[in-house]
Each structure stands twice: as C-alpha cells, then as structure tokens.
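Open the model in your viewer and keep the selection tool ready.

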Amino acid sequence: FVIFNQSDISFYLWNFKGLISSKINCFVLQVQMDSSKQSQDCLNYISVPHRCNCEMRRTLCLKSPSEICKEASAVLVKTVHFIKSLPAFNQLPLGDQFALLRSCWAPLFILGLAQEHVDFEVTDAPADSMLKKILLNRQESPEGKREQPTMAGVSKLKSCLKKFWSLDLSPKEYAYLKGTTIFNPGTKVRSGIKCWIVCGGLAAGSSARLREVVQLLHPGRGERFARILLTASMLQGITPTLVTELFFRPVIGQADLLELLGTLTGIYLM
C-alpha cells in the first residue's frame, strides 16, 4: 500500500478541484456558444425572405385575356411579316426555313412584345369543376397534358420584358437583334439545318450591324452592346409552350400554333 502524507493529499485535492472547475467552465462556455448560434440561426431564418416552391408552381392565366390576346395576335402577325420580309431567309431551303421558324418564333415574338411595350397582368388559373372531372370520367383532358403557365415561367418572361424596356432600344436595334436571333437558333437545331454555315454568317453579320448601330446612336457607351446581348440571352429560358398557353390558347383552342405559323408563312412541312 502507498501511504500519502497530509501535504500530498492537499496537493492532489487542489489539482482535482482545479481540473473539475476547468471542465465545468468549458462546458458552460460551450452551452452558451451553442445557444447563441441557435438564436442567430433562428434570426437568420426569420430575416431572410424565401419563396416556397409550391408558390412558383402555381398555374396562372391572363387577367384580361380578350384585350391582351388581341395585342399578342397583332405582335405575332408583325413577327411573321418580319420573317418573310428577310430576303436571306427566303433564299434558304424550305426545311431550313421551317427549322428556324420552329426554334425562333417565340424569342422573336417576345422581342415584339418588348418593342410594342405590351404589358399584362396574370391571375390564378381556375381549377376544373367537379362536374367536368366526372364527365371526363377521370380521364386526363388535353389541357392537363400540356404544360401550363406557372409563376416561375411568367416571372422569367416579365423580368425579361422589363430588362428590354430599361434598355429602351431603338427600332434599328430591335431589327438587327431580331436578325441575330432568327439566324442563331442554337446548337440543338444545328444538326437539322443544311445551310448552317450560311446561317452562322448571317447571324454574325446582323450582330456586327447591331454593334455599329449601338456605337452610332450611343457613342461613349461601350457596355451597351454587351448589355443587349446579355439581356437577349434571357430569351432562351422562356419556353414556346409558355408563350403559346399564356397568349394564344384562349384564341386557337386545341389547334397547333406551329402549324398555323407554317400556314401563315407558307413554309409548313407535311
């Protein structure tokens, strides 16, 4: 057995008490830090606004469809007229014309909305009545199979229009931007276009003319051309389905808008 004297016992007791006190202080400090972090997290969660995904998936429709659809139809007619007035477009093979029309009509239409300053308001789309669901015998209607306009899609469209309105483009700037858009449909359509090199040259030429016009109308504002192209890139995030369902479905019913466009331009392929 080891025999400790009184001084040894006092020494060990003093060290033990110091160790326990140190552990307790560390524990209390850790608890205070955790409580402070949780409180801060709660404050951050409350102070940072966020939008629920369910909110962005809400289906919408035009608040004044009769008025806005009429304005949209007029813009679409002007878009078709612009396409058919381009000699370079008319000289392309019929298949290339249709491929360009299919991929670029929606961006050109949105540019037309921006140029004509067509603004619109939306509201929640009405839900199908119980009687309609019973009569359809729980079968999915054609409306249910199509992609409906959502808050997310409409927000992208309205944001894009506001960006163009803030730029306040001139008619010449819009014209050359449309020329750049129609002859540059993107890599996904490239394989379906025979004269892709020609289209690339036409797009580059329109872009160069756009730069010249911007420099002429806005000398000393070298960033304007880049801002125009950056805003135009937003067009690719807006689907043709959204445009069709929001502006034209109330007018054309179950008809295929692309077929109607093909008929109007005379380049529809069977």
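Helices (H or I, at least four residues) and strands (E, at least two) are DSSP runs, numbered from the N terminus. This is a predicted model, where local features need pLDDT of at least 70, side-chain atom pairs count only at pLDDT 80 or more, and totals for chains, interfaces and linings use all residues. Residues are numbered from 1 along each chain as its sequence is written, and side-chain values use heavy atoms, with hydrogens and water left out.

**Stop 1: the helix pair**

Select residues 94-116, helix α5, and residues 151-167, helix α8. They pack at an angle of about 55°, their axes 9 Å apart. Axes are lines fitted to C-alpha atoms, for helices over the stretch in contact; angles run from 0 to 180 degrees between N-to-C directions. α5 and α8 are therefore oblique to each other: angles under 35 degrees count as roughly parallel, over 145 as roughly antiparallel, 65 to 115 as roughly perpendicular and the rest as oblique.

Now show side chains. On α5, pick Ile110, Leu111, Leu113 and Ala114. On α8, pick Leu157, Cys160, Leu161, Phe164 and Trp165. These residues make the contact (heavy atoms within 4.5 Å).

**Stop 2: the cysteines**

How many disulfides does a search of the whole structure find? It finds 0, a disulfide being a pair of cysteine sulfur atoms within 2.5 Å. Select cysteine 104. Its closest cysteine sulfur, in cysteine 199, is 9.1 Å away, too far for a bond. Move to cysteine 199. The nearest cysteine sulfur to it is that of cysteine 195, 6.6 Å away.
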